[in-house]
Amino acid sequence: MRRFGIEIEAYGLRREEVARRLRAEGINCRDNGYTHHVMSDWKVVTDSSIHGRDAFELVSPPLPLNAEGIDQLRKVLGAITQMDGRGRRAHVNRSCGTHVHIEANDLSAAHIANILKRYASNESTIDKWMAPSRRANNGHYCRSIRRINVRTATTNAIVDSFSNRYYKVNMKSFVKYGTIEFRQHQGSLSFDKLSNWVLFLAQFVEASRPSANVEAASVVEALRGKNKKLVELLQENGPRNAESLARMLESTTKSVQSMVCRLRRQGVAIETYRGYYRLANSEEVVTRAASLWEGVSESVRNFLQGRMEILAAA
């Protein structure tokens, strides 16, 4: 199951109070000062970009993309928005943003390229769901990706297409966390807004799978040793399971599985079908000009279209 992470920027509560409120709801949370390490619990960290007294960033651990993960988000937002006896609760302002990470370390280069191209082609519509400060190039920390020339040969080449992480879709996170980070959403403490945004992104990522994956010829040519041999075996012999490949490579099944994961991250399109590995049967990358709503559930679509109408009337 694919996982997600979320970073919620806000102000109005001391970090230790945020952590205490989450623990009171049965959710482990630590006040970690300033750190970018992935934790197994929620963490509260500092963020100098947020304006407001007692500013903080609340960062989730990797959460499952299912009802359990979404319900934990609901509990967290409820905990920090509940006003206490002294009238204290979390708030957001224009300096705040919400960043969502979608797990992507199993995606091929062609799949990732398709996500980026599809987002860029629909960016003007997505802008309409956002506050004006997060549209076009209005946000310093979430710039447009429409002019980025995505190089699709390998995942590393795609990452190198980005000069820094401050784009609406950030690929630099892939190197450190194995995720695609979506940075466009404004600061929000609304469960309806954030849960629908998370679900949209998850569904958008899945629906952006290319209609045909590819063996990236330039990548294969650059391979060496057993990695190259594994690809050649699949080219010459067709689908093989890990045990068969291990015998042919005089290796172990665990090593074969690790090689396949590494090759996929380099952009070689190896599919798994009924326990067998095979190269995708295509001669070229096929990136689809999929509609914005392809693969998106009706409830999420209705919510986002409703947001667009509300913001248009504002």
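Rings of Phe, Tyr and Trp, the last represented by its six-membered ring, are taken to pair if their centres lie within 6.5 Å. The model described here is a predicted one, and a search of its whole structure finds 10 aromatic pairs. A pair of aromatic rings is described by the distance of the centres and the angle of the planes. In the pair formed by Trp 129 and Phe 200, the ring centres are 5.0 Å apart and the planes stand at 90 degrees. Planes over 60 degrees apart count as edge-to-face, so the pair of Trp 129 and Phe 200 belongs to that class. Trp 129 lies in the loop between helix 4 and helix 5, whereas Phe 200 lies in helix 7, which spans residues 191-207; the pair therefore ties together parts that are 71 residues apart in sequence. Trp 129 is buried, at 3% relative accessibility. Phe 200 is also buried, with a relative accessible area of 0%.

Phe 200 takes part in a second pair, with Phe 204. The centres of these two rings are 5.4 Å apart and their planes are at 40 degrees, so the pair is tilted. Phe 200 and Phe 204 are separated by about one helical turn, because they are four residues apart in helix 7. Phe 204 is buried, as is Phe 200. Both residues belong to one aromatic cluster, formed by Tyr 119, Trp 129, Phe 182, Trp 197, Phe 200, Phe 204 and Trp 293. The ring of Phe 204 also has a charged group over it: the charged end of Arg 118 sits there, 4.2 Å from the ring centre.

The loop that holds Trp 129 also holds Ala 136, in the stretch between helix 4 (123-127) and helix 5 (155-160). Most residues other than glycine have a negative phi. Ala 136, although not a glycine, has a positive phi of about 45 degrees. Ala 136 is partly exposed, and its relative accessible area is 38%.

A positive phi is also found at Glu 250, where the value is near 55 degrees. With a relative accessibility of 73%, Glu 250 counts as exposed.

The axes of helix 10 and helix 11 are 8 Å apart, and the two helices pack at an angle of about 100 degrees. Helix 10 and helix 11 are therefore roughly perpendicular to each other. On the helix 10 side, Ala 242, Glu 243, Leu 245, Ala 246 and Leu 249 take part; they meet Thr 253, Val 256, Gln 257 and Met 259 of helix 11. By class, the residues of this contact are six nonpolar, two polar and one charged.

Helix 11 also packs with helix 9, at an angle of about 85 degrees and with the axes 10 Å apart. This angle makes helix 9 roughly perpendicular to helix 11. Helix 9 contributes Lys 226, Asn 227, Leu 230 and Val 231 to the contact, and helix 11 contributes Val 256, Met 259, Val 260, Arg 262 and Leu 263. Six of the residues in the contact of helix 9 with helix 11 are nonpolar, one is polar and two are charged. Val 256 and Met 259 of helix 11 are listed both in the contact with helix 9 and in that with helix 10.

Helix 9 also includes Lys 228, which counts as partly exposed at 26% relative accessibility. Between the C-alpha atoms of Lys 228 and Ala 24 the distance is 53 Å, and the two residues are 204 residues apart in sequence.

A further buried site is Asn 170, with a relative accessible area of 2%. Asn 170 is placed in strand 7, made up of residues 169-170. Apart from its neighbours within four places in sequence, Asn 170 is in contact with Asn 164, Arg 165, Ile 180, Glu 181 and Arg 183.

Notes:
Residues numbered from 1 in each chain as written. Predicted model: local features only at pLDDT ≥ 70, side-chain atom pairs only at ≥ 80, totals over all residues. Heavy atoms only, no water. Buried < 20%, exposed > 50% of the residue type's maximum accessible area, 1.4 Å probe, protein only. Axes fitted to C-alpha atoms, helices over the stretch in contact; angles between N-to-C directions. Parallel < 35°, antiparallel > 145°, perpendicular 65-115°, else oblique. Contact = heavy atoms within 4.5 Å. Nonpolar A, V, L, I, M, F, W, Y, C, P; charged D, E, K, R; others polar. Phe/Tyr/Trp six-rings, centres within 6.5 Å; stacked < 30°, edge-to-face > 60°. Lys NZ or Arg CZ within 6 Å of the ring centre and 35° of its normal.
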